[in-house]
Every structure is written in structure tokens, then in C-alpha cells.
Amino acid sequence: MPVVLQKYQPCDHKGAVAALQSAFIDDPVFLEIYGKKNISKGLEGVFATLLKFRGTDTHVLKDGDEVVGVVIWDIKKFFPLHEEMTVLRREARDLGWCSALSTAWIYLGSLTWVMEGLQKKYKKQMLYVKMVGVSSKHHGKGYGSIMLSESMKLMREERQYNGGFYLESSNPRNVPFYERNGFVKLEAKNWRGCTLTAMVHAASA
């Protein structure tokens, strides 16, 4: 049975959280925020909340009944930093991670450089690819490329959208994947030893 991309439904919630949790378990930024000991629990809480945001549009890639990958879009023009901070603040409070809260605040503040760079270089609206993740047990099957290309196509069709797409990769090993799928590097920045790479879809440039 071929994999199918579809709109996220509440029944997909558990599988989508598990897929994202698996995909980001070794992400440098999340490891910096939560620490190796707490990252699994931290990711579970963050993704469970992100999937419920009204300012996002989510697609899931399914192999039968299994959610193998997820794309979360921010459907606003600008970063919803206050929303992301609300998630991380709640997680930090509930689990007593004061250091995680302060680290996350610094990280989210640093993301403004991506938007500033885009505003200087491009004069059109850009949709933010908030999260792209494929469960680690399905890596190497080409699911990521299928999911991302189909998700961009779906966003254009459903929203009659003809603007650009951008993202920031928090893991350097994922940059070649995005380049193979039409994204080009805009700028890279070091944050607490993590390399953040701002990227724009080539068709948007």
C-alpha cells in the first residue's frame, strides 16, 4: 500500500506525536533546551500542544493506519513566538525545568534573525514550515521528500497560495535533504553550539 498524505485529524494525534518525538529525539536544539535525560518527555509535551494550535495547518503521511511523518505549517506571516513560548513555559513549569525555560526563551528570541533576513531579501509573503519529521524507523525510504513536496503542493492548492516557503533547520545533517527538495541556504547562525540554517524554497526566491 502506497503512503498517503492527508490533513491531520484528531484520531492521528497519538501517532503524530510519536513520529515527531522519534524524528527529533537527537535534535541539537531540543537537546540543548531539555537535556538528554528529559528530551523524550519534553518533546512529547511540546508536540502534543503544537498539534492543537489554531495558527497551524498540519499534514500527516500515513502508511496504512500508521503515521510515519508530519509537516506542521505556521499559517501566519510572522513567527508565533508567544505561542511557542507558552508551550515551553508550561512544560518547564510543570516539570520544574527552570533552565529549560530560560534556554528556550533565548532560542526563540534568536529566531527573529531569520525573519529579518527574509524581509531584507524578499518582498513577498512567506509561509513558515514549522516542523518536518519522519519517524526514525522509516528513514531512508524517501518518505520525507514525498511528504514535503506533497505538503507544499497541498498548501498551494487548498489556500490558493502562490507565495514562498521558508524554514530554519536546527540539525546540520538535514540541510542536504532540504536542498534536494528545492530549498536554498539563506544564512547560518551558531546558537549555543548548535548551527541554525535559514532556508528558502528555490521556487520562492
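The protein chain of this predicted model holds 7 helices and 7 strands, taken as DSSP runs (H or I of at least four residues for helices, E of at least two for strands) and numbered from the N terminus. Colour by element and follow the order from the N terminus: β-α-α-β-β-α-α-α-β-α-β-α-β-β. Residues are numbered from 1 along each chain as its sequence is written. Local features need pLDDT of at least 70 and side-chain atom pairs pLDDT 80 or more, while totals for chains, interfaces and linings use all residues, and side-chain values use heavy atoms, without hydrogens and water.

Show the whole chain next. Of its 205 residues, 54% count as buried (under 20% relative accessible area, 1.4 Å probe, protein chains only). Of the contacts (heavy atoms within 4.5 Å) with a separation of 6 or more, 70% link residues 24 or more positions apart.

Select helix α1, residues 13–23. Its buried residues are A16, V17, A19, L20, Q21, S22 and A23. They pack against α2 (28–50), β2 (56–63), β3 (66–74) and β4 (126–134).

Move to β3. Because 8 of its 9 residues are buried, β3 is largely enclosed by the rest of the structure. Strands count as paired if DSSP finds at least two bridges between them. On one side, β3 runs antiparallel to β2, joined by 8 bridges; pick H59 to find V71 of β3 opposite. The two strands form a hairpin with 2 residues between them, and G64 in the turn has a positive phi of about 70°.

Centre on W73, which stands opposite V129 in β4.

How values were computed: Buried < 20%, exposed > 50% of the residue type's maximum accessible area, 1.4 Å probe, protein only.
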